[in-house]
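Please study the sequence and the structure before reading each solution.

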Amino acid sequence: CIARIWPHRAIILMKKSLLFVPFIGLAGYLSGHEFITRSSGANSGVRDHMSGINERIKKERLRVCVFPEGTRNKAFEGKLLPFKKGGFHMAQQCQAPIVPVVIYMPPTVYDSKSWSFGNGVIRIKVLEPIQTTGLTSADINALTDSVQEKMQAALEQMSKRL
């Protein structure tokens, strides 16, 4: 059961459309995860919502799981897609460390075209935390690029070990 290995006091930022997916939406809602609208940050409603999430994170001292590549990389071929920056902005605003987690799942385990599972080993590697203390919004692009480079290097290393 995933609840046994899930970090204490951790939430996931999930796209709002997942709220309406059977089981996933209800489980996420009841677990206290945050559902966000994936639209422009210029939208004041989105900014207000994110500001509220940031306050909750600081007040409750929560850990936040963000998937910066999202579900966009359907045909993974060893290269990460450019990361979305929302989670990096959040970490900077909360002055919270980023702990990159890299998951390598070989094509033998899951075929996204046929939605079928097979045999294989899924590798997970937790990288060293990256501090955001003292960073400003001007540092977000460099921070995002640095994290993505470290994760890509780890992913390439993990894929060669099989």
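**Exercise 1: The helix α5**

In this predicted model, the buried residues of α5 pack against α4, β4 and β7 (123–126). Determine which residues of α5 are buried, and state how many residues α5 has.

*Solution.* 
Step 1. The helix α5 has 21 residues, and its first and last C-alpha atoms lie 30 Å apart, close to the 30 Å expected at 1.5 Å a residue.
Step 2. Its buried residues are Ile140, Leu143, Thr144, Val147, Gln148, Met151, Gln152, Ala154, Leu155 and Met158.
Step 3. An α-helix has 3.6 residues a turn, so residues three or four places apart point the same way.

**Exercise 2: The nonpolar cores**

Identify the elements that each supply at least two residues of the largest nonpolar core.

*Solution.* 
Step 1. This core comprises 16 residues, and those with the most contacts inside it are Phe83, Phe88, Ile98, Val102, Leu143, Val147 and Met151.
Step 2. At least two residues each come from α4 (86–94), β4 (101–104) and α5 (140–160). The largest share, 7 residues, is supplied by α5.
Step 3. Beyond its neighbours within four places in sequence, Val147 contacts Phe83, Phe88, Pro100 and Ile130.
Step 4. A second, separate core has 8 residues, including Leu13, Val46, Met90 and Cys94.

**Exercise 3: The helix α4**

List the buried residues of α4, and describe the phi of Gln95.

*Solution.* 
Step 1. Phe88, Met90, Ala91, Gln92 and Cys94 are the buried residues of α4.

Note on methods:
Residues are numbered from 1 along each chain as its sequence is written. This is a predicted model: local features need pLDDT of at least 70, side-chain atom pairs count only at pLDDT 80 or more; totals for chains, interfaces and linings use all residues. Side-chain values use heavy atoms; hydrogens and water are left out. A nonpolar core is a set of buried Ala, Val, Leu, Ile, Met, Phe, Trp, Tyr and Cys residues joined through side-chain atoms within 4.5 Å. Buried means under 20% relative accessible area, exposed over 50%, partly exposed in between (1.4 Å probe, protein chains only). Helices (H or I, at least four residues) and strands (E, at least two) are DSSP runs, numbered from the N terminus. Contact means heavy atoms within 4.5 Å. The expected span of a helix is 1.5 Å times one less than its number of residues.
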